[in-house]
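Try each task before you read its solution.

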Amino acid sequence: MLKIGVIGLGNIAQKAYLPVMAGMQDQVEWILCTRNNEKLQYLQQRYGFKKVVHSVTDLLELAPTAVFIHTPTETHAQLIEQFLRLYTFSC
């Protein structure tokens, strides 16, 4: 089963992506990631996601197959570099 991280759980992720992802939980192990504990708990309960983490470091340790990055644009490059390093060394 694919293991896919979802970083950043703002309005767009909540409206456009999470409802679809929730319906695919039999095919994908989703890992939600945000520093906002209240939001994380709410979305986990609302959609029934099983895995949640509070930091990118925690997500990196789970070595997801892929990640969706829904954080502010200015943070994308740093996050992409972190995950590329993970995949470069693990392949």
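**Exercise 1. Find which residues Leu32 is in contact with, leaving aside its neighbours within four places in sequence.**

Solution. Start with the cut-off: contact means heavy atoms within 4.5 Å. Leu32 then touches Val6, Leu9, Leu18, Leu40, Leu43, Phe49, Lys51, Val52 and Val53. Before going on, note that this is a predicted model, where local features need pLDDT of at least 70 and side-chain atom pairs count only at 80 or more, while totals for chains, interfaces and linings use all residues. Numbering runs from 1 along each chain as its sequence is written, and side-chain values use heavy atoms, with hydrogens and water left out.

**Exercise 2. Work out which members of the largest nonpolar core touch the most other members.**

Solution. First, the term: a nonpolar core is a set of buried Ala, Val, Leu, Ile, Met, Phe, Trp, Tyr and Cys residues joined through side-chain atoms within 4.5 Å. Buried means under 20% relative accessible area, exposed is over 50%, and partly exposed falls in between (1.4 Å probe, protein chains only). Next, see where the core comes from: β1 (2–7), α1 (11–22), β2 (28–33) and α2 (37–47) each give at least two residues. Here helices (H or I, at least four residues) and strands (E, at least two) are DSSP runs, numbered from the N terminus. Finally, look apart from this core for another one, with nine residues, including Ile7, Val53, Val56 and Leu79.

**Exercise 3. Track down the two salt bridges in the structure.**

Solution. You're after a side-chain nitrogen of Lys or Arg within 4 Å of a carboxyl oxygen of Asp or Glu. Side chains of opposite charge can pair when their charged atoms come close.

- Step one: Lys51 pairs with Glu29, with the closest N and O atoms 3.0 Å apart. This pair links distant parts of the chain, as Lys51 is in strand β3 (residues 51–53) and Glu29 in strand β2, 22 residues apart.
- Step two: check how open they are. Lys51 is partly exposed at 33% relative accessibility, and Glu29 is partly exposed at 26%.
- Step three: Glu81 meets Arg85 at 3.8 Å, N to O. Because they sit four residues apart in helix α4, about one helical turn separates Glu81 and Arg85. Glu81 is partly exposed at 46%, and Arg85 is partly exposed at 45%.
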